[in-house]
Amino acid sequence: MTARANRLRWLVSGESAFPWLAPLIAMLVVFTIYPLVYNVWLSFHEYAPFKRRVEPVGLDNWSALLSDDRFWDSISVTFTYFSAMLIVQVVLGMAIALLLDSEQRGFGLLRALLTLTLVIPPAITGMMFLLIEDPEFGVLTWILERVGILDGTNPILATGSTALLGVMLADVWQWTPFMVLIFMAGLRSLPSEPYEAAMLDGATSWQTFRRITLPLMGKVIAVAVLIRGIDLFRIFDYMFVMTSGGPGTSTYTLSLYAWQQTFSFIKWGYGATISLVSLILILIIANLFILVSKVRW
Amino acid sequence: MRDSDRKRYLAKVVDDYVRRRISRRRFLSTSAQLGLGAAALGSGMGRPFWGYSPAHADDMLQPSKDVLDWVADVSKPFRGTTLKLATESTPPSNAINSQLKPYFEEASGMKIEIEVLPLEQVLQKLTLDIASQLGTYDLYYIDQSWAAFTSRDVFDPREQLADKPDLAMPEWRVEDFLPALVDGIARYEDRLVGVPYDIPIFIMMYRKDIWEDMGFEAPTTLEQYYEQAKAITDEMGPDMYGATGQMKSGHYSLECDWTAWLWGHGGSIFNSDGKFSGNDERGIEAMEYWTRLYQTMPPGVTGWTWDGQGQSIAQGVAASMMSWGEFFPYFDDPSATKVSGLMEAVRCPAPKRPLRTVSDTGYGEIPGVGHQGGSSLAVSRNSKNPDPAWIFMQWATCHDTQVLITALGGGTGPTRTSVYDDPRIIANNRVGPGTTRHLGVVRETIANDMGSEPDLPEWAELSNDTIPVRLGKYFAGDYGSAKEAMDDIAQAADKVVSG
Amino acid sequence: MMRMLVAYMVVALFMFPLYYWGTTAFKNAKEIFNTPPNVWTFSPTVRNFEEVFGISLGFFRQQEVLPGGGNFYMAPRLWDTIVVALGSTVLSIIVATLAAYGLSRMNFRGRHAFVGWVLSTRMMPPVAVAIPMFFIYKNVGLMDSYLGIILIHAVMNLPLAVLLLKSFFDDIPKDIDECALIDGATRWTIFRRIVLPMAKGGVAATAVLCFIFSWTEFIFVLTLTQTGLKTVPVVSSSFVTSTGTAWGNMAALGVAATAPAFLFILLVQKQLVRGLTLGSLKE
């Protein structure tokens with residue numbers, strides 16, 4: 001009895017983690033465990049349009065994945081997009097962060113301006129780049145034709161080899177500043193001693209970057225990659241707005257494919273299965289990454 | 001004032017109003033001073049039940065008082081009801097949502113909430129509502145390609161008329177809707193999936209000035225159209241192209257273009273066995289024709305839906321398009337386009353071979369060069385307020401409301417026979433925004449050239465994905481030949497249909 | 001000097017699409033589509049804004065802008081977006097600071113795994129969450145309500161917020177807590193009076209990110225609302241009509257919608273850059 005009362009007192013005293021975590025756990029359980037369970041259940045069922053209900057189909061959805069070329073296409077598009085965007089945004093983000101990391105007058109304004117790209121909703125960004133890359137009226141098309149990169153016969157977003165690049169451009173534009181922000185914050189909090197030592201040794205700036213900045217920034221980069229990577233793997237808005245996955249299937253990502261199966265074809269079960277595969281893949285990737293990069297919380 | 005002058009002046013006033021140069025109050029008072037409507041209305045419309053009298057002339061472009069009185073009368077038990085509808089952003093929905101809705105709300109005491117979305121999102125909302133049977137929406141906006149799978153979830157208006165005689169609007173008859181539209185849009189098997197609500201349809205629109213410069217007559221056959229388009233592109237390209245298209249990969253618009261050429265070469269999407277037949281001899285011939293015509297279009301067409309296609313005409317990049325007639329009034333608006341008054345509408349060129357008949361095709365497909373993309377409006381069976389929704393639906397599709405939609409909403413094609421003859425519609429038969437000068441062609445096209453897609457539950461998937469994704473691949477050069485592409489589509493389509 | 005020049009050029013490159021989009025909002029339809037594109041020269045019009053906000057800026061103009069009636073009248077939607085973004089930010093910050101404090105100060109078995117689980121809830125594709133949520137919302141009456149969207153946006157932001165805030169709290173020495181406890185303060189007092197004020201910058205940075213993610217979210221709002229409310233990203237797609245896309249109006253809404261969010265960012269600009277270190281440098 002007293003043990004129980006003690007336990008109760010301990011629970012409400014604030015010494016136990018539970019009361020602090022309770023609201024979080026409650027919200028996450030309702031909003032994420034339930035959908036997860038529901039999707040697992042749904043992946044063994046399929047919506048029967050004429051019966052207006054969901055019927056069990058066993059493993060059909062899972063086995064259908066194996067022979068579905070569209071599914072494999074979308075996996076490869078997702079991976080291409082995911083890895084290319086991570087690399088480009090990390091490298092470019094780091095370069096710009098180094099460039100803007102200065103106490104000189106004027107740089108503050110530049111940093112503030114860069115955050116502007118983040119507040120544009122991706123759905124609108126997609127429309128924006130759709131206009132910019134329009135084959136006939138787009139300003140980017142016009143410039144590229146002027147300098148001879150495009151010859152006027154290959155619309156950027158409607159040519160298999162360039163469509164994904166066209167979509168990526170929007171992503172790079174929108175999210176590189178996000179990386180810049182994180183990296184810049186990291187650079188700000190670096191200790192100054194190693195740099196003074198390096199200067200005394202007469203190291204070149206590349207050497208300084210390679211031997212001091214990069215190792216010190218490792219954790220920041222890892223966390224940035226993790227946060228951005230999770231979102232990149234679920235990328236949807238840009239393709240949805242700009243290419244509808246085309247031409248052909250060259251910009252179909254897993255999320256877009258799942259969306260289409262779920263909402264356009266009312267194949268809820270199959271859509272749920274694709275979503276689960278996407279979840280499993282990113283779970284594996286993220287955990288491997290956490291293991292390798294030794295991120296500790 | 002003489003009658004002809006009066007008509008011209010009214011046209012100008014309507015024009016000013018559509019361009020928002022004058023306020024609604026001034027517009028109404030001016031058109032009232034013109035005293036138009038009374039005589040003309042009486043002669044043009046047969047015998048409308050509420051019988052316009054000169055006293056009502058100032059209601060010219062205001063909803064008829066009799067209609068609103070009827071609404072007020074039957075809505076008494078339903079005051080305070082809220083009705084919801086999800087619709088594509090089309091001229092009728094926009095006219096109702098932004099201008100006409102308040103009249104209905106005031107008369108009925110109901111509240112109408114209209115959710116305006118792009119087509120794909122309407123489909124998404126609709127399927128979720130149907131699947132969950134939760135009655136989120138009281139009315140459905142149903143694109144003709146969804147008729148099959150929604151058919152069991154909506155009321156057949158004929159049944160509603162019979163079951164609820166006390167709620168029936170006087171003179172609101174299904175027979176007044178153009179019969180071809182009722183068959184092509186609303187009919188699925190023996191049921192009517194609501195009534196036709198709007199009718200975008202393919203007509204031939206071309207630049208009269210360019211055609212005259214080139215010494216051409218309006219094209220009468222597909223082959224002639226190709227030759228004219230090619231001549232223009234050869235002569236004037238790359239500043240001006242002879243034709244244009246809506247050929248964005250994976251988008252419904254690409255499938256729409258395809259059907260027009262397919263049907264125009266005597267082909268069909270399905271044969272009578274229900275198998276995909278776009279890969280037969282005629283289908284391949286159509287693809288070859290289309291591929292040739294594609295060479296005369298701006299290179300950007302493969303990135304465009306109807307938006308880019310319309311812009312290419314509006315900005316003077318392309319000289320003609322066989323596409324949605326809804327764009328025509330927009331082209332005539334000098335504040336938005338560079339081609340106001342230069343465009344001319346005619347019926348689509350004649351098909352190269354005799355069209356297949358419905359018995360040669362499958363799933364109720366109706367071949368015809370004038371591809372229609374109409375939609376119907378219907379009351380959902382899942383709705384918790386079917387009776388008020390039915391009142392609203394009758395009001396939204398009645399003669400008077402349709403006239404106002406066409407006059408205020410910018411020259412969209414009406415679905416009722418009587419509306420085409422209404423003097424308020426004829427008054428707008430002049431160059432300017434919201435023109436109705438193309439409606440004669442629209443009406444003839446509906447009667448003679450209209451092509452309708454098949455009705456089968458899998459059609460949404462076929463028309464939005466299976467076909468346009470692979471056609472997109474074909475135009476991106478991923479297939480060796482048209483035959484190869486069509487065979488691939490045939491295989492994929494048959495697999496989708498057989499489940 | 002050279003560096004300054006390069007910096008300006010890089011930022012200008014990033015600003016160009018925004019400039020182009022911004023000027024699109026002031027062009028009429030004819031000028032938006034032009035070959036070659038109109039970049040610098042066009043005659044500005046505020047018509048697009050007038051339609052989107054239902055007010056006429058020109059006193060002497062005859063044309064009448066339908067107040068609150070036009071199809072492109074979006075002013076209330078901007079308000080919806082602000083309510084949702086602020087509401088969900090406040091909610092996720094409250095829940096996340098509590099949880100982050102617990103995770104930072106209390107030791108319990110499986111803490112690392114617990115944080116991993118919290119992070120993993122962000123990995124589910126939103127498409128998959130949308131359908132079950134639709135059914136729940138419909139049944140409990142959260143459909144089409146501010147509360148419903150605020151809740152789901154808050155949940156969506158929780159993993160990131162907890163992670164960030166925990167790292168900020170970790171930066172604050174635990175000795176402070178210990179001393180205060182000995183002085184007789186409760187955990188709650190310590191949390192409110194000591195830790196929270198000290199981590200102010202981090203909380204602000206987290207709030208900005210939550211705000212931005214809610215401000216720009218698309219799928220949940222699309223699926224879980226009807227006519228009651230809509231946020232800017234979703235409503236911007238209603239400019240895509242069957243007779244073409246109203247690019248000018250869309251751009252006008254986009255420009256107008258950028259302003260409140262950008263203001264919010266400017267207010268916490270200093271904290272944002274300092275806060276985003278994620279505390280991950282300290283071991």
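Visitor: In which sense do S6(B) and strand S11 of chain B pair, and over how many bridges?
Guide: In this predicted model, S6(B) and strand S11 (residues 375-379) of chain B pair in the antiparallel sense over three bridges. Two strands pair if DSSP finds at least two bridges between them. Strands (E, at least two residues) and helices (H or I, at least four) are DSSP runs, numbered from the N terminus.

Visitor: Which residue stands opposite Pro196(B)?
Guide: Ser376(B) in S11(B) stands opposite Pro196(B).

Visitor: What is the strand order of the open sheet?
Guide: The open sheet of five strands has the order S2-S1-S3-S11-S6 (chain B), with mixed pairing.

Visitor: Why is one side of S2 and of S6 left without a neighbour in the sheet?
Guide: Strand S2 (111-117) and strand S6 (195-198) of chain B are at the edges and have a single partner strand each, so one side of each lacks a neighbour in the sheet.

Visitor: Changing topic, how is chain B divided?
Guide: Chain B has domain 1 (3-59), domain 2 (65-199 + 376-426) and domain 3 (202-371 + 452-498). The bounds come from an automatic or database domain assignment.

Visitor: How many residues does the contact between domain 2 and domain 3 take from each?
Guide: The contact takes 14 residues from domain 2 of chain B and 13 residues from domain 3 of chain B. Two residues are in contact if their C-beta atoms, placed from the backbone, lie within 7 Å.

Visitor: How are the residues numbered, and which pLDDT limits apply?
Guide: Residues are numbered from 1 along each chain as its sequence is written, while chains are lettered from A and ligands numbered from 1 in the order in which they are written. As the model is predicted, local features need pLDDT of at least 70 and side-chain atom pairs count only at pLDDT 80 or more, whereas totals for chains, interfaces and linings use all residues.
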